[in-house]
Amino acid sequence: QGGNNAGHTVVVDGKEYDFHLFPSGIINPKAISFIDTEILKQISKFDQSAQLKSYFSLCLLTGLKDWEKRLIISDRAHIVFDFHQAVDGLQEVQRQAQEGKNIGTTKKGIGPTYSSKAARTGLRICDLLSDFDEFSSRFKNLAQQYKSMFPTLEIDIEGQLKKLKGYAEKIRPMVRDGVYFMYEALHGSPKKILVEGANAALLDIDFGTYPFVTSSNCTIGGVCTGLGVPPQHVGDVYGVVKAYTTRVGIGAFPTEQINEIGDLLQSRGHEWGVTTGRKRRCGWLDLVILKYAHMINGFTALALTKLDILDVLDEIKIGVAYKLGGKRIPYFP
């Protein structure tokens, strides 16, 4: 969920894969991977020569056989267009000029696409695959809306539509009614269903460190709103947390170490954003935000990663409480 702005590095049998949008289960030849309604496809980046490999921005797919037969895309998924990505960059420039600071987005067009979705002018995979004349008309209207808001924005409307028509036929075999697919998965023969989140809890549009957040619900509620899965089907909830805290982009970070400790965590932990290539900010583990994430998600277990990065330190510190006006507070302000 949430688009191709969050990267995951996964190592299997000594081979490293960088994921931006694919579910990492695509590596498993026995698993069916499903991209749900909250995922926004960077459809304009589809490289025909590499088929869907660059379209989904998945690196190092060599060696994976028949992956396209194991991938299903929801018909309700919204599409990220080139102009969404261009507008994302223009908005960051505007924020910097007007406020002296930006949000630090990945400039992948995620925010503007969610804006289109909320304004009910967005276009979905089902639109692309049905009546192309109707799709073209709505695409032109949406493009003109953005051109009126951003006069410097250049959009090759006819060129984009020509590409999109070609993409439609390439992805058509993979597209299914996502709600019915999940219903069958839940009520058919017994299956193990794993839902993979993308962004961290503190980047949630409602519960994160707003406005320095992403545009989707990346907490447990996204399972229900993104997949159409009723709450009673949610079983175990695994929280994944590093043994220290990291953050890409600007925003609050009380335990941040802007010193040799932060540099050590960054270098030993290889803390670069997979999607952006930016260095991650690093600091001590913050138990306040971890408890806060638990309040929202109700973890049944925690997966603690990168503990070995701390091996070389004689002393390890942990953030245990926040003070507001000199008094400890039991909540995340």
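Predicted model: local features only at pLDDT ≥ 70, side-chain atom pairs only at ≥ 80, totals over all residues.
Strand 1 (residues 8-12) and strand 2 (residues 15-19) run antiparallel and are joined by 5 bridges. Valine 12 has lysine 15 of strand 2 as its bridge partner. Between the two strands of this hairpin there are 2 residues, and aspartate 13 adopts a positive phi near 50 degrees there.

Strand 3 is connected to strand 4 (residues 71-74) by 3 bridges, and the two run parallel. Within this pair, isoleucine 35 is placed opposite isoleucine 73 of strand 4.

Helix 10 (residues 287-297) provides an example of packing between a helix and several strands. Its buried residues are Val288, Ile289, Leu290, Tyr292, Ala293 and Asn297. These buried residues pack against strand 6 (238-242), strand 7 (244-247), strand 8 (281-286), strand 9, strand 10 and strand 11 (322-324). Both ends of the helix show a local feature. After the helix comes glycine 298, which has a positive phi near 60 degrees.

Valine 240 belongs to strand 6. This residue counts as exposed because its relative accessibility is 66%, and the cut-off for that class is over 50%. Apart from residues up to four places away in sequence, valine 240 touches Ala303 and Thr305. The C-alpha atoms of valine 240 and alanine 301 are 8.8 Å apart, although 61 residues separate the two along the chain. Isoleucine 316, in turn, is located in the loop between strand 9 (301-305) and strand 10 (318-319). With a relative accessibility of 45%, isoleucine 316 is classed as partly exposed. Together with Ile318 and Val320, Ile316 makes a nonpolar surface patch of about 260 Å².

Charged side chains were examined next. In the whole structure, 10 salt bridges are found. One of them joins aspartate 75 and arginine 76, with an N to O distance of 3.2 Å. The two partners fall into separate accessibility classes: aspartate 75 is buried because its relative accessibility is 16%, whereas arginine 76, with a relative accessible area of 29%, is partly exposed.

Another salt bridge is formed by the side chains of glutamate 271 and lysine 242, at 2.9 Å from N to O. Glutamate 271 is situated in the loop between helix 9 (260-268) and strand 8, while lysine 242 is part of strand 6, so this pair ties together parts that lie 29 residues apart in sequence. Both residues are classed as buried: glutamate 271 has a relative accessible area of 0%, and lysine 242 has one of 19%. The value for lysine 242 places it in the buried class because that class is defined as under 20%.

A further salt bridge links arginine 281 to glutamate 256, whose closest N and O atoms are 2.8 Å apart. Arginine 281 is in strand 8 and glutamate 256 is in the loop between strand 7 and helix 9, so parts 25 residues apart in sequence are tied together by this pair. Glutamate 256 is partly exposed, as its relative accessibility is 22%.

Lys242, Glu271, Arg280 and Lys306 are linked in a network of salt bridges. The contacts of glutamate 271, when residues up to four places away in sequence are set aside, include Lys242, Arg280 and Lys306. Among the other residues touched by glutamate 271 are Tyr244, Thr246, Leu265, Gln266 and Cys282. Arg278 and Lys279 are likewise included in the contacts of glutamate 271.

Conventions. Residues numbered from 1 in each chain as written. Heavy atoms only, no water. Pairing = 2+ DSSP bridges. Helix = DSSP H or I, 4+ residues; strand = E, 2+ residues; numbered from the N terminus. Patch = residues over 30% accessible without salt bridge, like charges linked within 9 Å, V, L, I, M, F, W, Y side chains within 5 Å. Areas by Shrake-Rupley, 256 points an atom, 1.4 Å probe, with all protein chains shown as cover. Salt bridge = Lys/Arg side-chain N within 4 Å of Asp/Glu carboxyl O. Buried < 20%, exposed > 50% of the residue type's maximum accessible area, 1.4 Å probe, protein only. Contact = heavy atoms within 4.5 Å.
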